[in-house]
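Colleague: I am new to this structure and would like to go through it step by step. Could we take it as questions and answers?

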Amino acid sequence: MSMMTAEAPHANGTSRKEPFEFDVVDVTGMNTALVTDVQRTAPAGAVAKTLAARMELPQNVPWALRSDETAAYLDDSRAIGDQIETGSRVVLTPKSHLGMR
Amino acid sequence: MNTTAPDNISGQWQDVLRRFGFVAEAATYRCNGTLFKIDGQWATLELHSEQPPRYPLNLASSPPALWKWVDDGSCPRRVFELPLTILSLEHHDEFAVAEQTPAFDACLAWALETAQTKVAEDWQPPSRQLVESWIPQGQLTVQCGAFVRQGELIVDPTHCLVRFPILQTLPPDLPQARLRWLEELLHEAQNGWRMVRFGFARNTDATPVIAELNFTGAPHHIIEHLLLTGLDGLRWAVLALVETAELLADTTIKSQALEISPIPPSTQPKEQT
């Protein structure tokens with residue numbers, strides 16, 4: 001029995017095997033990086049935490065990703081590849097609620 | 001030959017083993033080159049009679065189910081390991097028409113069937129939706145410092161497995177010595193982590209390094225427990241290997257120590273991934 005399996009296309013119609021890369025910039029604009037090693041299927045929340053660690057940003061802060069194109073926050077629990085296209089740019093932002101009651 | 005029945009195997013299980021053709025020998029049971037033994041909290045079936053493949057880390061040629069090649073220095077062998085908690089499961093399904101086969105009997109039959117590198121023809125995997133419903137939220141994601149890995153559930157008519165990439169791509173210019181170190185890392189993991197299989201999975205555009213749990217052919221009434229137990233181990237294994245594997249595959253990091261191959265040239269496998 002062969003162990004090779006055909007992989008289903010991803011929810012946005014692209015193959016999971018197609019290269020997936022995007023630019024990330026932290027909220028200060030000081031750190032930028034090209035991300036090429038993240039799977040499309042990884043949840044955006046886990047990706048944000050990973051990128052914060054990679055940029056040596058504090059790990060005791062919750063981080064979120066925001067699309068630079070639409071300004072919308074990515075849903076932490078959904079796959080990043082379902083929310084941005086390859087070649088996109090995202091902003092790594094601390095989750096904060098300032099002064100609002 | 002000592003035919004005294006092993007005292008760490010219950011009488012009920014010994015009856016089942018005898019029914020499958022096993023004969024007691026010292027602290028084990030044997031049947032046509034297959035050895036059954038209990039080691040701590042694990043039951044192990046071992047096959048010593050086969051010639052190991054030239055390249056055991058090639059997952060494309062791996063047998064189905066939990067069988068995997070290990071070589072801890074004593075002798076290369078195929079092993080199939082299950083926790084005793086799974087084998088002792090008592091299943092009560094109020095909707096089942098017929099009485100369920102006890103977990104031990106069903107698992108032994110599964111292991112022996114798949115030892116022949118085939119799956120029972122009438123075996124059907126549980127539905128994907130059902131398997132997905134068993135996995136707690138977030139358990140297919142492993143976040144480890146600056147790396148994140150997303151596991152994949154593969155359920156189709158002939159497969160039921162969970163796999164995580166350890167490395168997503170293998171640089172084409174990876175020096176041979178680094179590749180040997182990576183193989184050594186995977187060999188060590190293969191010998192040490194129960195149930196989880198490690199290796200290289202060829203695909204069209206890369207050679208990812210993978211850790212997987214293969215439940216193909218497993219009796220339906222134990223898959224949920226097996227998946228949850230195995231997934232926990234699989235996640236720990238991925239967590240333990242990712243950073244080292246990334247370091248070994250990063251050709252921008254120079255290290256004189258890693259320029260020396262971990263195994264003598266004469267024992268290096270011929271086939272490349």
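Colleague: How many helices and strands does chain B have?

Modeller: This is a predicted model, so what follows describes a prediction. The secondary structure of chain B includes 12 strands. The helices of chain B come to six.

Colleague: What share of the residues in chain B is buried?

Modeller: A residue counts as buried when its relative accessible area is under 20%. Chain B has 273 residues, and the buried ones make up 49%.

Colleague: For contacts in chain B with a separation of 6 or more, what share joins residues 24 or more positions apart?

Modeller: Contact here means heavy atoms within 4.5 Å. Among the contacts in chain B with a separation of 6 or more, residues 24 or more positions apart account for 67%.

Colleague: How much of the accessible surface of chain B belongs to carbon and sulfur atoms?

Modeller: The accessible surface of chain B is about 13,200 Å². The part that belongs to carbon and sulfur atoms is 52%.

Colleague: Which element gives the most to the lining of the largest cavity?

Modeller: The structure holds two cavities of 30 Å³ or more, and the largest has a volume of about 80 Å³. Its lining includes B:Phe36, B:Thr44, B:Phe80, B:Phe104 and B:Cys107. Two or more lining residues come from each of β4 (42-47), β6 (77-83) and α3 (103-115) of chain B. With four residues, the element that gives the most is α3(B).

Colleague: How many residues in the lining of the largest cavity are charged?

Modeller: The lining of the largest cavity has 10 nonpolar residues and one polar residue. The number of charged residues in this lining is none.

Colleague: Which elements give two or more residues to the lining of the second largest cavity?

Modeller: The second largest cavity holds about 30 Å³ of space. Among the residues that line it are B:Lys68, B:Trp69, B:Arg197 and B:Phe198. The elements that give two or more residues to this lining are β5 (68-70) and β11 (197-200) of chain B.

Colleague: How many residues in the lining of the second largest cavity are charged?

Modeller: Five residues of this lining are nonpolar and two are polar. The charged residues of the second largest cavity's lining number two.

Colleague: Which residue in the hairpin of β2(B) and β3(B) takes a positive phi?

Modeller: Strands β2 (residues 28-31) and β3 (residues 34-39) of chain B run antiparallel and are joined by three bridges. B:Arg30 stands opposite B:Leu35 in β3(B). The hairpin has two residues between the strands, and the one with a positive phi, near 45°, is B:Asn32.

Colleague: Which residue in the turn between β3(B) and β4(B) has a positive phi?

Modeller: β3(B) and β4(B) run antiparallel, with six bridges between them. B:Ile38 has B:Ala43 in β4(B) as its bridge partner. Two residues lie between the strands of this hairpin, and the turn residue with a positive phi of about 65° is B:Gly40.

Colleague: Is A:Glu56 buried or exposed?

Modeller: Most residues other than glycine have a negative phi. A:Glu56 is not a glycine, yet has a positive phi of about 55°. A:Glu56 sits in the loop between α1 (44-54) and β3 (63-67) of chain A. At a relative accessible area of 73%, A:Glu56 is exposed.

Colleague: What is the relative accessibility of A:Ala71?

Modeller: A:Ala71 is not a glycine either, and has a positive phi of about 70°. A:Ala71 is found in the loop between β3 and β4 (89-94) of chain A. A:Ala71 counts as partly exposed, with a relative accessibility of 44%.

Notes: Residues are numbered from 1 along each chain as its sequence is written. Chains are lettered from A and ligands numbered from 1 in the order in which they are written. This is a predicted model: local features need pLDDT of at least 70, side-chain atom pairs count only at pLDDT 80 or more; totals for chains, interfaces and linings use all residues. Side-chain values use heavy atoms; hydrogens and water are left out. On a 1 Å grid over the protein atoms alone, a cavity is a set of points where a 1.4 Å probe fits but cannot get out, and a pocket is an open set with protein on both sides within 12 Å along at least five of seven lines; lining residues have an atom within 4 Å of a point. Grid points are joined across faces, edges and corners, and a volume is the space filled by probe spheres set on the points. Ala, Val, Leu, Ile, Met, Phe, Trp, Tyr, Cys and Pro count as nonpolar, Asp, Glu, Lys and Arg as charged, and the others, Gly among them, as polar. Two strands pair if DSSP finds at least two bridges between them. Buried means under 20% relative accessible area, exposed over 50%, partly exposed in between (1.4 Å probe, protein chains only). Accessible areas come from the Shrake-Rupley method with a 1.4 Å probe; for residues, only the protein chains shown count as cover.
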